[in-house]
Amino acid sequence: MISIDRQQILLRTVDVEKLIDEDHGARSVWELVGRLDLGRYHAQIEAVEGGAGRNHTDPQLLVSLWLYAYSRGISSAREVARQCEFEPGFQWLCGLQAISHRTLSGFRSENKAALDDLFVQVLGMLSAEGLITLERVTLDGTKIKANAGGNSFRRKEKLEAHLELARERVRILSAEGEEKETTAHRQAAARRRAARQRASRLESAVREVERLQQEKKHDRKDFVARASSTDPDAHVMRNGEGGTVPSYNVQLLTDVTNGLVVNVDATTDAIDYRQLQPALERCERTLGQKPKQIVADGDYTNHASVQAAAACGVDFYGSWQDSWKPVEHDAQGRSAEFLASAFPYDAKRDCFTCPAGKILTHHALLNRGHGVHTHVYRGPKAACPNCPLRGRCAPRDARPEWRRSITRLEEPATTTAFKAKMATEEARLIYAKRSQIAEFPHAWIKERCGLRQFRCRNRLKVAMEATWACLSYNLTRWFSIRSKPNLETALRPLPNSCLQKAACSTHEQIITPRQQREGRLRTKNQFLHTFLSPNCLLLVCVGHTTTSGSSLE
């Protein structure tokens, strides 16, 4: 029996290059990052006239580590540093050297301009290979939990009290640092830095509470604004599970050609109602052009979005959600014949006729914004109080002087044209493909990257973290596309007589109609695809395959 001795010490030689295979993902990430211009990152650490440079980890290494980490579902800087000690891919990237989690964390959330430039460079490479065309894009948003708890939200009075305590703490720590130099200098400096950061967050929270209070137009006196003392930019939003948690709304603009993300941002707006125009503006600002077509769901489809897309020259496809639906009774208890939709409208005279034969004339014009107007029509003063149908037309608690009034909505020409376009079969087919393109990147960054809660705080750093995840998604998607074999150029044309029957070297393969429709076979030699043509059926396999005595290489 072999005994196991776990107390022994082994001394082994390690060939770093052989830690991973030649086609390992870490090598692909390192090679691609090496082709990018990291000048914006190097500018922070290079020596300049009048000042010396500073020691810093190579930006190529840090960028590669984060991209590789997100592709493996790791978003914690401490976990990345831990993985560098034993995981072969991380070991190969850092050359068996230790990387501090503070270095990783600071690099991820600093220099947004450099990260945006990195993202645009990758998009340029993808565009050069024809993988991004901007012919048609989709826009969709998802809620990702913020790094803050629901119990961290405080009123202005509480925040100001906490802020005063935090400022006092900063003054005490600063005085202690000036009076004496202790052996634990770095720990003391860290405590002072943490105190300053907390005071800064509380100041931001007080400003956010004041802003929310001023923006509340209705019930401003009764409304009490609250903000998080942990992450002041985070807002309470409803998630997909029906609960409400502090979150950010991540907006992704995805190119339809290959499902690659072309723009990403994190907003504090809980709804997508106002996000289409900012997305188009960001796309033009970063890429230099707007997409030709944009597809979004009903949350984005409104008068403002339709007009914004038309003003930008972008063809918009969306799902218009009509607020009115036919019902038997309305909120006032009226039956179908007394609903506003049952009143005939005379366009020449600009009036409505009620079931009693009375004329409702134009009373007022309301401007709803974005070119939308509401026309109000009211019945005669003398007719409605004495109308024999008043009991069926008026509300139960109506005053004696009550008069029936109805409204007519006048939409701008752009909205009318949009609705007519979406009624066509072509537009419906385009919109039907929206979900499979728009929602896949969100699912990938949540499931594959594990980004269900942000590690960073405040909107700027959260947007950077989302950009890192989308950058990793684009690269993973790119590597997947490039790794697919170009079967069309690899196949040699064979005579039709040789393609009547296909067989493996060990057994004959019978092809059923269902297998032809699915386009994929499962055999001992692992067939990949079937190609159908009017005259033949051709099988392509990984191993050695013979086709009626002819070898297929």
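The structure holds 16 salt bridges, each being a side-chain nitrogen of Lys or Arg within 4 Å of a carboxyl oxygen of Asp or Glu. This is a predicted model, in which local features need pLDDT of at least 70 and side-chain atom pairs count only at pLDDT 80 or more, while totals for chains, interfaces and linings use all residues. Residues are numbered from 1 along each chain as its sequence is written, and side-chain values use heavy atoms, leaving out hydrogens and water.

Let's start with Arg27 and Glu17, whose side chains meet in a salt bridge (3.0 Å, N to O). Arg27 sits in helix α1 (residues 25–34) and Glu17 in the segment before α1, so the pair ties together parts ten residues apart in sequence. Helices here are DSSP runs of H or I with at least four residues, and strands are runs of E with at least two, numbered from the N terminus. Arg27 is buried, at 12% relative accessible area, whereas Glu17 is partly exposed at 45%. Buried means under 20%, exposed over 50%, and partly exposed in between (1.4 Å probe, protein chains only).

Salt bridges with shared partners join Asp265, Arg282 and Arg459 into one network. Asp265 is buried, with a relative accessible area of 14%, and Arg459 is partly exposed at 34%.

Finally, the chain overall: it has 19 helices and 18 strands, and buried residues make up 40% of its 553 residues.
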